[in-house]
Amino acid sequence: DVMVHAAVSYLEPAWQHIKQAIEAGMNVVSISEELGYPYKKYPKLSKDIDRLAKKQGVTVLGTGINPGFMMDLLPITLSGICQEIDSIKISRMLNFSVLGPKAQKHKCLGCTLNKFASMVKKGELPLHVGLPESAYMIADTLGWKIKGKEVRKPVKAGRNIKVERFGTVKKGETAGYDDLFYGYVGQKKKLILEEKGRVDSKIDYTLDIEIKGTPNIKLSMNVPSTEYTTPAHAVNLVPIV
């Protein structure tokens, strides 16, 4: 009845998997990050997916933790008790030391800062996928017509850091990154999303949401590892789908 899809972050290759399920009459719950809110980046493909799903009488849901909950659905829900909203800032801190070696490699751990910058410029470094999707989900919900800018910066290790399943990140090498998205309405910065990843077991997963408006709202919470929360959210949505 339902295919839970957890294979690839990017929508175009994910579509090759999802299409087969739709054509077989199956509903789909996918944690492909770009499917979380694909309408800005893939307007035509979004319509194609919607058209085929409706033809087959099935549902396709892009979800997960981020996009899908922490940096979009949760702040959107909090905005429901505000009379007016001036701006929103969301910061998420992640600890990469628990990830497997393939995921750690995608963060360019142990790279030189120059290599990090070069790979980001060439589009060869996945880092976090989905920050623009979360931003546009919030903006469209609130009726903000934003212009977005994404910035990715390396974080330099201040000491040698031994990383489980990876090795050692030496002092001066890349030990994480800051993935930042700014959403502007005119000249005003209305939306700030910060995904901060560090390879340091001393750092806890945290989420901070700050809504400035009437009233002001601040929420800070711990965020357990995505190896628990992402599959839980996907599976818990199966009955609804």
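Okay, quick one to start: in strand 11, which residue is the bridge partner of E210? It's K218. Keep in mind that what we're looking at is a predicted model.

Strand 10, residues 206–214, and strand 11, residues 217–222, run antiparallel to each other and pair over six bridges. They make a hairpin, with two residues between them. Strand 10 also pairs with strand 4, again in the antiparallel sense, and there we get nine bridges. If you want one to find on screen, go to I90, whose bridge partner in strand 10 is I209.

What classes of residue are in the lining of the largest pocket? We have 17 nonpolar, eleven polar and six charged.

The second largest pocket holds about 270 Å³ of space. Here 14 residues do the lining, and L35, P38, Y39, V60 and G62 are the closest to the centre. Helix 2 (43–56) and strand 3 (60–62) are the elements that put in two or more residues, and helix 2 has the largest share, with four. By class, this lining splits into nine nonpolar, four polar and one charged.

Methods: Residues are numbered from 1 along each chain as its sequence is written. This is a predicted model: local features need pLDDT of at least 70, side-chain atom pairs count only at pLDDT 80 or more; totals for chains, interfaces and linings use all residues. Side-chain values use heavy atoms; hydrogens and water are left out. Ala, Val, Leu, Ile, Met, Phe, Trp, Tyr, Cys and Pro count as nonpolar, Asp, Glu, Lys and Arg as charged, and the others, Gly among them, as polar. On a 1 Å grid over the protein atoms alone, a cavity is a set of points where a 1.4 Å probe fits but cannot get out, and a pocket is an open set with protein on both sides within 12 Å along at least five of seven lines; lining residues have an atom within 4 Å of a point. Grid points are joined across faces, edges and corners, and a volume is the space filled by probe spheres set on the points. Two strands pair if DSSP finds at least two bridges between them.
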